[in-house]
Amino acid sequence: MSTKRNTEHDAFGLAGNRLNHILDQIGFRQGRGRMAEFQSYLTDKAPNIFGDLKYTTVRSWFQEHSPPMRKIDAAIQALQYDYTFHHDVSHIKTWWKVGGFYPFVNEFGDPVPSINELQQEATDHNEKLQFVVMSLVTEETGELFRTLSSKELVMLKDKAVQFAQDFSDPFKTECPSEYLRIVIKAELSSLLKKQTK
């Protein structure tokens, strides 16, 4: 067992730590009020099982105790109404109950980031992209930068950002013709400049 895996095992020794991690992995609300939100979610989604669920019971789940396996099954099933589990649900249920093998791994056995971590990474990437694009807009507009309105500059930035986001989106498989025109115009301009030299 690797050191990383040992550290994870130590970090998830309590059932509450495992529950919190499961909720992090699927993108469930974080921070203050999470327990109350979880209780409310379960009573709304599975009232026949969790209709009389007490806050003190839920609080114990976020500490040292895990619910009985039938309640774990029901909780995971209820969460699946709104959240996607990208790993083996049966392993996740067992892990919540007793710990053991860390279920959030890829096919190579390496831990994978949670939905929240991926969303934060995407937000960070998008914010950096905004800075890069504005820098390029400033550079490319040159002297025109002073005469263009802020609305026009924002429009240029937004178009460039959208192009970059479309380019990096693995689900976009067709390039819009307006993007192709931009590339063709830029390449044609470059060719014509070379011919005149």
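Contact here means heavy atoms within 4.5 Å, and helices (H or I, at least four residues) and strands (E, at least two) are DSSP runs, numbered from the N terminus. Before you click, know that this is a predicted model, where local features need pLDDT of at least 70 and side-chain atom pairs count only at pLDDT 80 or more, while totals for chains, interfaces and linings use all residues. Residues are numbered from 1 along each chain as its sequence is written, and side-chain values use heavy atoms, with hydrogens and water left out.

**Stop one: the whole chain**

Show everything as a cartoon. You'll find eleven helices and zero strands. Of the 197 residues, 29% count as buried (buried is under 20% relative accessible area, exposed over 50%, partly exposed in between, with a 1.4 Å probe and protein chains only). Among the contacts with a separation of 6 or more, 58% join residues 24 or more positions apart.

Two packed helices are described by the angle between their axes and the distance between the axes. Axes are lines fitted to C-alpha atoms, for helices over the stretch in contact, and angles run from 0 to 180 degrees between N-to-C directions.

Select residues 15-26 for α2 and residues 89-98 for α7: they pack at about 150°, with axes 7 Å apart. Now show side chains: Ala 15, Arg 18, Leu 19, His 21 and Ile 22 in α2 meet Ile 92, Trp 95, Trp 96, Lys 97 and Val 98 in α7. By class, this contact has seven nonpolar, one polar and two charged residues (Ala, Val, Leu, Ile, Met, Phe, Trp, Tyr, Cys and Pro count as nonpolar, Asp, Glu, Lys and Arg as charged, and the others, Gly among them, as polar).

Pick Gln 30, in the loop between α2 and α3. At 45% relative accessibility, Gln 30 counts as partly exposed. Draw a C-alpha to C-alpha line to Asn 20: the pair is ten residues apart in sequence and 8.8 Å apart in space.

**Stop four: α3 and α6**

Next, select residues 34-45 (α3) and 69-79 (α6), which pack at about 85° with their axes 10 Å apart. That makes α3 roughly perpendicular to α6. Phe 38, Tyr 41, Leu 42 and Lys 45 of α3 make the contact with Ala 75, Ala 78 and Leu 79 of α6. Six of these residues are nonpolar, none polar and one charged.

Then hop to Pro 47, in helix α4 (residues 47-50). Pro 47 counts as partly exposed, at 48% relative accessibility. Pro 47 and Ala 78 are 31 residues apart in sequence, yet 10.0 Å apart from C-alpha to C-alpha.

**Last stop: the largest pocket**

The largest pocket has a volume of about 660 Å³. Colour α8 (115-141), α10 (150-168) and α11 (177-196), the elements that give two or more residues to the lining. The largest share, seven residues, comes from α8. By class, the lining has 14 nonpolar, one polar and four charged residues.

For the pocket search, a 1 Å grid is laid over the protein atoms alone: a cavity is a set of points where a 1.4 Å probe fits but cannot get out, and a pocket is an open set with protein on both sides within 12 Å along at least five of seven lines; lining residues have an atom within 4 Å of a point. Grid points are joined across faces, edges and corners, and a volume is the space filled by probe spheres set on the points.

Key
Parallel < 35°, antiparallel > 145°, perpendicular 65-115°, else oblique.
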